[in-house]
Amino acid sequence: MMYGAEVWGFHCAANIEKVQTIFLKTIFNCNLSTPNNALLGDVGRYKMIEYRKLAVVKYWIRLLEMPNERLPKIIYNHQISMLRTGSSINCWVKNVQMLLESLGFSDVWNHQYVRNTNVFCENIKQRIFDVAQQTMFSENQDMARLKFYNTIKCCVQYEPFVDILTISKFRNIVIQFRCSSHYLLIERGRYRNVPRQNRLCILCQENVIQDEYHAIIECQFFKQERDQFIPKYYTDRPNVFKLKMLFAQLTTLNF
């Protein structure tokens, strides 16, 4: 799927992105409308283009170290000469230059030299993923349905519960709940064009919106399950901070 990405890696390749997201939605049994960024964040993955950018940079380093008589190096030097003469052609080398400059490595590009390949690759990888993470969470903030997810998730990292909850039914339910791929009215009402303020819980008499916080912490319909599985600390004078702590300690609960 990524074969030859060193050459074509700057292409958006939307179909490849779909392969990754549909695979995740399939194994976790999520709706196709589940936000991609939420699923990617919980399994510690980024969009495929971010990995292709890293592959491109690594190949660029190989080109720098390649003998001048090799055909790839001859083509590279030719494109470099075109750029230096002010050519506006959109070529592979131009895209590499733009990528490095956007990541803050203009000096490396200007010198056409990498002192320590391993250290540089680690720095590039970290910078690419940092920028990608900022972009992902900026997009998440603009999605109303990810209000709960944004409360409990602050960085792209693999969640331990994916491995610890070995029963797939339980693992899928947790990740569906986190990513707003569930059947609470806060989500179902979205598809029925019910105003947010009218998506009230029908399982209790509290006359509040049936969202994730209400279902876990407040709804009296689930009081028995709450008392059985959730430590009293989280339900005694509950707040959003405790809810975030609860999900951070999810793998320690007695399921």
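Which residues in α4 meet which residues in α5? Tyr59, Trp60, Leu63 and Leu64 in α4 meet Pro72, Lys73 and Tyr76 in α5, where a contact means heavy atoms within 4.5 Å.

## Basis of the model

This is a predicted model, in which local features need pLDDT of at least 70, side-chain atom pairs count only at pLDDT 80 or more, and totals for chains, interfaces and linings use all residues. Residues are numbered from 1 along each chain as its sequence is written, and side-chain values use heavy atoms, with hydrogens and water left out.

Helices (H or I, at least four residues) are DSSP runs, numbered from the N terminus.

## α4 against α5

Helix α5 covers residues 71-84 and packs on α4 at an angle of about 100°, with the two axes 9 Å apart. Axes are lines fitted to C-alpha atoms, for helices over the stretch in contact, and angles run from 0 to 180 degrees between N-to-C directions. α4 and α5 are therefore roughly perpendicular to each other, a term for angles of 65 to 115 degrees. By class, this contact of α4 with α5 has six nonpolar, no polar and one charged residues. Ala, Val, Leu, Ile, Met, Phe, Trp, Tyr, Cys and Pro count as nonpolar, Asp, Glu, Lys and Arg as charged, and the others, Gly among them, as polar.

Gln79 also has its place in helix α5. It counts as buried because its relative accessibility is 17%; buried means under 20% relative accessible area, with a 1.4 Å probe and protein chains only. Leaving aside neighbours within four places in sequence, Gln79 is in contact with Cys91, Trp92 and Val93.

## α4 against α6

Helix α4 (residues 48-65) packs on helix α6 (residues 92-102) at an angle of about 110°, and their axes are 11 Å apart. That makes α4 roughly perpendicular to α6. On the α4 side, Lys53, Val56, Val57, Tyr59, Trp60 and Leu63 take part, and they meet Trp92, Val96, Leu99 and Leu100 in α6. The residues of this contact divide into nine nonpolar, no polar and one charged.

## α4 against α8

The axes of α4 and helix α8 (residues 117-141) come within 10 Å and cross at roughly 155°. The two helices are therefore roughly antiparallel to each other, the term for angles over 145 degrees. Among the α4 residues that meet α8 are Glu50, Tyr51, Leu54, Trp60 and Ile61, and those of α8 include Phe120, Cys121, Ile124 and Phe129. The contact of α4 with α8 divides into 11 nonpolar, one polar and five charged residues.

## Nonpolar cores

In soluble globular proteins, nonpolar side chains tend to be buried together. A nonpolar core is a set of buried Ala, Val, Leu, Ile, Met, Phe, Trp, Tyr and Cys residues joined through side-chain atoms within 4.5 Å. The largest one here has 52 residues, and those with the most contacts inside it are Trp60, Tyr76, Trp92, Leu100, Trp109, Phe120 and Ile124. α4 gives the most to this core, with 10 residues. Leaving aside neighbours within four places in sequence, Trp60 is in contact with Tyr76, Trp92, Val96, Leu100, Val108, Trp109, Gln112, Val114 and Phe120. Apart from this core lies another, of 14 residues, among them Ile186, Ala215, Tyr234 and Leu243.

## Helix α11

In helix α11 (residues 168-178), the buried residues are Arg171, Asn172, Val174, Ile175, Gln176, Phe177 and Arg178. Their cover includes α2 (14-27), α3 (36-42), α9 (147-152), α10 (161-164), α13 (212-218) and α16 (240-248). Ser180 follows α11 and has a positive phi, near 60°.

Notes. Parallel < 35°, antiparallel > 145°, perpendicular 65-115°, else oblique. Buried < 20%, exposed > 50% of the residue type's maximum accessible area, 1.4 Å probe, protein only.
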